[in-house]
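Take a moment to look at the chain before reading on.

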Amino acid sequence: MITFWKKPPAAPPSPEVAPSFVKGQVLNAAEKAALRAQALENARAARAAIGPEILDKMANLLQGKPPETSPMVQARKIIAVLDKEDVSAHLLQMMRDKTKPH
């Protein structure tokens, strides 16, 4: 019989690596509070390691917002500052340039 392609039997997990929570196990209030405190501390450590700027960028990307450095966002900021007559004059000039044969 060929045993070359068969996977070797999995070793049982060591007690140090085994999860402390077993499916179906009911935790009391103190254990739940300790588990929440540990999870919050892990989240705080991860936020501190990543930094607030990167977290904000990631949140914006997840929400579908364009990055602040995109040309579209930069153009919107510039147009918002410009005078309405200037903007309309630029748009009319662009439309005239499109219609001219080059």
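The side chains of E41 and R44 meet in a salt bridge, with 3.8 Å from N to O. Keep in mind that this is a predicted model. A search of the whole structure finds 1 salt bridge. Where do its two partners sit? Both E41 and R44 belong to helix α1, which covers residues 29–50. They are 3 residues apart, about one turn of the helix.

Next, move to a nonpolar part of the surface. I50, I54 and M58 make a nonpolar patch there, of about 250 Å². One of these residues, I54, is found in helix α2, which spans residues 52–62. How can I54 contribute to a surface patch? A patch residue needs over 30% relative accessible area. I54 has 43%, so it passes that cut-off and is partly exposed.

Now look for the largest pocket. How much space lies in it? The answer is about 170 Å³. Its lining is made by K57, N60, L61, P66, P67, E68 and T69.

Finally, step back to the whole chain. Which secondary structure elements does the chain hold? There are 4 helices and 0 strands. Read from the N terminus on, the order is α-α-α-α. The chain has 102 residues, and 5% of them count as buried. Buried here means under 20% relative accessible area. The chain exposes about 9,900 Å². Carbon and sulfur atoms supply 66% of that area.

Go back to the view once more and find each feature in turn. Start with E41 and R44 in helix α1. Go on to the patch of I50, I54 and M58. End at the largest pocket, with K57 and T69 among its lining residues.

Note on methods:
Residues are numbered from 1 along each chain as its sequence is written. This is a predicted model: local features need pLDDT of at least 70, side-chain atom pairs count only at pLDDT 80 or more; totals for chains, interfaces and linings use all residues. Side-chain values use heavy atoms; hydrogens and water are left out. Patches are made of residues with over 30% relative accessible area and no salt bridge: like charges are joined within 9 Å, nonpolar side chains (Val, Leu, Ile, Met, Phe, Trp, Tyr) within 5 Å. Accessible areas come from the Shrake-Rupley method with a 1.4 Å probe; for residues, only the protein chains shown count as cover. A salt bridge is a side-chain nitrogen of Lys or Arg within 4 Å of a carboxyl oxygen of Asp or Glu. Helices (H or I, at least four residues) and strands (E, at least two) are DSSP runs, numbered from the N terminus. Buried means under 20% relative accessible area, exposed over 50%, partly exposed in between (1.4 Å probe, protein chains only). On a 1 Å grid over the protein atoms alone, a cavity is a set of points where a 1.4 Å probe fits but cannot get out, and a pocket is an open set with protein on both sides within 12 Å along at least five of seven lines; lining residues have an atom within 4 Å of a point. Grid points are joined across faces, edges and corners, and a volume is the space filled by probe spheres set on the points.
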